Amino acid sequence: MSISQQPAEYAGLESFFGGDAPLPKSVGYIVEYAGLESFFGGDAPLPKSVGYVVVLGFGAAFSVFTTLLVYMESYFNKGASMTSEKFNTAGRMVKTGLTASVIVSQWTWAATLLQSSNVAWQYGVSGPFWYASGATIQVLLFGVLAINLKKKCPSAHTVCEIVNARWGKTAHLTFLVFAFLANIIVTSMLLLGGAATVEALTGMDYRLASFLIPWGVILYTAAGGLKATFIASYIHTAIIFAVLITMITMVYIKVYSSDIIYDYLDQTVSFTPEECAAIYSKDGVSFYDDSTYACGAVPGNIEGSYLTMRSAGGLMFGIINIVGNFGTVFVDQSYWQSAIAAKPASAAKGYMLGGICWFAIPFSLATSLGLASTALMLPITAGEAGSGLVPPAVATHLLGTTGSVLILTMLFMAIVSTGSAESIAVSSLVSYDIYREYINPEATGDQILFVSRVVIVGFGLVMGALSIALNAMGLNLGWVYLFMGIMIGSAVVPLWFLMTWDKASATGAVIAAWGGWVLAIATWLIAASVQSGSISIATLGTNEVMLSGNIVAICSSGLIHAAYSMMYPQNFDFSTLDSKIKLVENDVSGLGAEEQDPEMLEKSSKWIVSRGWILTIVLVVIWPILSVPAGKFTKDYFAFWVLVAIAWGFGSAIMIIFLPLIESSEEISGVLMGLMGKKAEEPAKEEVADEPVKEEAVEEA
């Protein structure tokens, strides 16, 4: 649009903001970026060398540090030598605090940090809420599966091993495919968002970043196994929360306040299309497109405001988020592995605490950085937002180079921690469900340990190629995030029935998984064709189309499996399940009589079932319903909303950082005493005789 095409009220003005600013501060920031078509369209805020330092330097430093911690803990606390059981299960004795920390770490993807702020940029306050609540309930409900695993098959190494023990080979191969799909999708998303951010902030080629980032996890994961992954995850989570607290403080305490952000958000939606065109212009020519920039009223929101939960787009995203994330928790081996590693008494509480603390990361971070991006009207394009560049843009604006480095560090922690969990998950699936099951049934512990380490290194090298392939196809982080439920959602309900319903049929599970997948893909393609008249990456990526595929995936498979199982029930005896799982070495740590106390397990089961379902209903039903009457938030209501986000963020940070340290004080003191040359007390050894059933299983193997 040229100047001559603009309304008469702007006649004679050399620039839109040449006179007095309608809002002293917000408009000042618009002028700062005047003429820029995108926030990261120019030079990267950080030199390329910083990218190499973070990707390679941090990776190497954390690998060495974590590996040393694992070996010091084992040496000074008289731990046993590394076995395949310890490598893949961490001794099945992980406590509540560390379990919660690991869950937070595993569930904090690049998407958690980046995509959550993207939906805040798109929909306002409803975006962070639906991202957080829609992805918290899966962790809470998985706690039910975790305690069922401890009750019914505590000796398991992988979820597919349990499938094989109950449903046989056909089901085993079926769910092995879905488990690998989950690992591949999660890993690809990690690097897809991470590499794009590294490139935007440092200018480092995203393809090179995709290949170099995985090296940060290969060394310590291959050396220390699941225990090393857990220790590293705690460190990563602590750093992520430290940066989170910094960003919340900058937006709502130090630089701005909830009232200032409220006024700025009101100002953003008050601009007319003509005013937006004048704002996003250069040399008298506008480059404004209402689908590219956050300016003017928000479509589908009450009063076009960012300050409301009554958002059609936000609600639709929330439903997709809920459905899609069930697949990436219930089908992902890394979550089953955390349940396997936890002490029975800690499994339920660890998942509950982990879910509650994780909620703060997308909710608090996106409520600060995501809303600030639209309040300040930074020239972030829809493409940049879809690639996850909202947080680095706001952080760079607020703190300059320091902000860029903090977000880059935070992102690297998320990628490395989740990447490590995915690597050990894939290695366990290959080692136990392919190598031992189909290649070498008589495999020794040393052979399985060797295969596990080879797979970790191999998968680490392949991870980069996966993200590059998705990028080459024109897919960004947001697109893949919405798509994941279509690919793996049909395996969710059968896996829930696997652990909770004795009538669940093996044949029904296979038919449900593949039938639901076919129906989901067909619905997705048909919906795109009906809505847009064509099938392309763009038409397949709309909310409505993604929603249809996600819902069909999870609902159709559930109905198919339930119907088939009622007609042809298996009537499985769960008391026989654990005897079908064979240990490799005679290592029964975490499997003694104390850990298998039926009364304790039943009490834990009732605890997580009641609290898990209650909190789920609160997060996805009661809280949204209570916020609907508010319509567009008042300034006081928004201030309270922000206060909740700040309090949740600080409270979660304190809990997740200090509880693992308190619970592990004995082990920490053992290491410190060893370093000072003092002898630590030897821990009591587990009596193998406590578990005669598993000894027989080992002998049979």
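C555 is partly exposed, with a relative accessible area of 41%; here buried means under 20%, exposed over 50%, and partly exposed in between (1.4 Å probe, protein chains only). C357, on the other hand, is buried at 2%.

The model is a predicted one, so a few ground rules apply: local features need pLDDT of at least 70, side-chain atom pairs count only at pLDDT 80 or more, and totals for chains, interfaces and linings use all residues. Residues are numbered from 1 along each chain as its sequence is written, and side-chain values use heavy atoms, with hydrogens and water left out.

As for confidence, the chain has a mean pLDDT (the predictor's confidence in each residue, from 0 to 100) of 83, and 85% of its residues reach 70 or more. Residues 19-29 stay under 50, with 19 contacts beyond four places in sequence, a contact being heavy atoms within 4.5 Å. Residues 683-701 are also below 50, and that stretch has 33 contacts beyond near neighbours in sequence.

One disulfide turns up in the structure, defined as a pair of cysteine sulfur atoms within 2.5 Å. C276 and C295 form the link, with an S to S distance of 2.0 Å. C276 sits in helix 12 (residues 273-279) and C295 in the loop between strand 2 (285-286) and helix 13 (312-330), so the bond ties together parts 19 residues apart in sequence. Helices (H or I, at least four residues) and strands (E, at least two) are DSSP runs, numbered from the N terminus. The link is left-handed, at -90 degrees about the S-S bond, and both cysteines are buried.

T374 belongs to helix 15 (residues 344-375) and is buried, with a relative accessible area of 0%. Leaving aside residues up to four places away in sequence, T374 touches W121, L265, T268, A294 and Y306.
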